[in-house]
Amino acid sequence: MKTFVDNAGRTWTVQVNIGTVKRVRDLVKVNLLEVIEGKLLEKLISDPILLCDVIYCLCQSEADTRNVTDVDFGKAMAGDAIEYATTALLEELVDFFPDGRRRVLSKALAKLRKLEATALATVETRLDSPELERRLMAELAAMDEAVPTTFGNSSGNAPASSASTPALAHSAN
């Protein structure tokens with residue numbers, strides 16, 4: 001069993017077994033056994049609301065004992081708490097399966113973590129790049145040139161009133 005702490009300071013125990021897998025399937029319509037196929041990991045990681053619903057189902061017995069509703073649970077799930085809960089869930093899912101599948105899932109989880117770390121490092125590198133700043137400054141300069149710097153100039157390019165344009169004045173009547 002894995003644990004995590006939510007933003008309210010409560011420690012939760014994530015336990016994956018046949019009973020909790022069935023509860024998640026019945027309440028949230030997510031089959032945790034599909035984690036072997038790989039798509040479920042993507043789905044859970046890309047949808048924090050679904051992820052928190054799944055985790056709440058896994059922790060529901062504890063939540064009921066503590067009188068914590070799914071809404072209260074969700075209010076305490078943001079930022080690092082979601083990351084800690086995700087780690088607890090994924091590690092517990094890996095441990096749920098027999099040895100052969102556990103090895104495969106463990107490798108998949110390690111690859112996922114490596115890809116995620118690489119993606120974050122790449123984004124940070126790009127954000128820190130002087131090239132990005134140069135491009136943004138060039139875009140801002142181009143936008144500045146495209147927008148007129150004087151507003152409210154009465155001798156500008158404002159369209160004539162309909163009264164002074166015979167075709168428009170006629171169609172207004």
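Some housekeeping: residues are numbered from 1 along each chain as its sequence is written, and side-chain values use heavy atoms, leaving out hydrogens and water. Since the model is predicted, local features need pLDDT of at least 70 and side-chain atom pairs pLDDT 80 or more, while totals for chains, interfaces and linings use all residues.

Okay, helices first, meaning DSSP runs of H or I with at least four residues, numbered from the N terminus. Helix α2 (residues 39-46) packs on helix α3 (residues 48-58) at about 105°, axes 5 Å apart. That makes α2 roughly perpendicular to α3, a label for angles of 65 to 115 degrees. The axes are lines fitted to C-alpha atoms over the stretch in contact, and angles run from 0 to 180 degrees between N-to-C directions.

Now salt bridges: a side-chain nitrogen of Lys or Arg within 4 Å of a carboxyl oxygen of Asp or Glu. The structure holds 7 of them. R135 and E131 sit 4 residues apart, so about one helical turn separates them. R135 is exposed at 53% relative accessible area, whereas E131 is partly exposed at 33%; buried is under 20%, exposed over 50%, partly exposed in between, using a 1.4 Å probe and protein chains only. Elsewhere, salt bridges with shared partners link K22, R25 and D26 into one network.

Last stop, back on α8 (residues 130-146): M137 is found there, and M137 is exposed at 51%.

Methods
Helices (H or I, at least four residues) and strands (E, at least two) are DSSP runs, numbered from the N terminus. Angles under 35 degrees count as roughly parallel, over 145 as roughly antiparallel, 65 to 115 as roughly perpendicular and the rest as oblique.
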